Amino acid sequence: MLIKVLLVIVMITVLAGSVAEAAAQYTTTSEEMKISINLEIEAPRPYFDFDGKTLSWRDVAENESHYLRVTVSSITGGAVSGATVKAAVLSLKDKVIGTSTTLHETWDADRPHYGTNIQLEDAQSSGIVAVQISPGKGRRLGKVEGDFFTKPVTVRFDGVDFRKAKAAAVALKNHGEETTESTRVEWPKGRRQYVAPTPYPGAERPTR
């Protein structure tokens, strides 16, 4: 049983790595505004919403198929925060699929970004993603470093592959359904996990 639990943990870890690797990445640069824009198409993501007082956990909706992640940075280094970022998915014939959507500034332990979940039909295997970034107000340090990104920028990513993220989302969902059984270790009769002795008489015993 213990070996089975360890195998499940390893499988989940490997699968999580595979999902991360499945993201399709695209990068472009605005030389005029001196910023670099990176787009990643991932499996849909759950997240916290914070209204200033309360954190609310939001799971992935049934109709959400992809996560758009956009990072904006100065070409001299440093993430750009406070911007307004909008994106639209276009067909190969430049027809807008759905509507333009706002990407929310998102804290991420890996890297801060602008992101949102979107819905795409299964038949949508590739397309174009247009991204518009408008600078936010605020102070900037550095006579040279702070002199950048003063006007809105619109960039276009052609030939974006939506299949990797879709496949990763399906694999993650299927794997989750297959491993919903409890991973609690069942010890053989007569054997129990070692529990450290209490530190002094009358103290509560540690619980496992």
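Before the first pick, a working rule: a salt bridge here is a side-chain nitrogen of Lys or Arg within 4 Å of a carboxyl oxygen of Asp or Glu. Keep in mind, too, that this is a predicted model.

With that in hand, select Asp161 and Arg163. They form a salt bridge, with 3.1 Å between the closest N and O atoms.

Some of them share partners, and that joins Glu42, Arg45, Arg69 and Asp108 into one network. Select those four next.

Start with Glu42 and Arg69, whose side chains meet in a salt bridge at 2.7 Å, N to O. Glu42 belongs to strand 2 and Arg69 to strand 5, so this pair ties together parts that are 27 residues apart in sequence. Both Glu42 and Arg69 are buried; for Arg69 the relative accessible area is 4%.

The charged end of Arg45 sits over the Tyr67 ring, 6.0 Å from its centre. For a second case, select Arg140 and Phe148: Arg140 lies over the face of Phe148, 4.7 Å from the ring centre.

Which residues touch the most other members of the largest nonpolar core? Select Val131 and Phe149, which hold that spot among its 30 residues. Elements giving two or more residues to this core include strand 1 (24-30), strand 6 (84-90), strand 9 (126-134) and strand 10 (153-161). Centre on Phe149 and show its contacts: leaving aside neighbours within four places in sequence, they include Met33, Ile35, Val80, Ile133 and Arg140.

Last stop: rings. A search of the whole structure finds one aromatic pair. Select Phe48 and Trp57: their ring centres are 4.9 Å apart and their planes stand at 70°, so the pair is edge-to-face. Is Trp57 buried, exposed or partly exposed? At 48% relative accessibility, Trp57 counts as partly exposed.

Note on methods
Residues are numbered from 1 along each chain as its sequence is written. This is a predicted model: local features need pLDDT of at least 70, side-chain atom pairs count only at pLDDT 80 or more; totals for chains, interfaces and linings use all residues. Side-chain values use heavy atoms; hydrogens and water are left out. Rings of Phe, Tyr and Trp (its six-membered ring) pair if their centres lie within 6.5 Å; planes under 30 degrees apart count as stacked, over 60 as edge-to-face and the rest as tilted. Buried means under 20% relative accessible area, exposed over 50%, partly exposed in between (1.4 Å probe, protein chains only). A charge sits over a ring if NZ of Lys or CZ of Arg is within 6 Å of the ring centre and within 35 degrees of the ring normal. A nonpolar core is a set of buried Ala, Val, Leu, Ile, Met, Phe, Trp, Tyr and Cys residues joined through side-chain atoms within 4.5 Å. Helices (H or I, at least four residues) and strands (E, at least two) are DSSP runs, numbered from the N terminus. Contact means heavy atoms within 4.5 Å.
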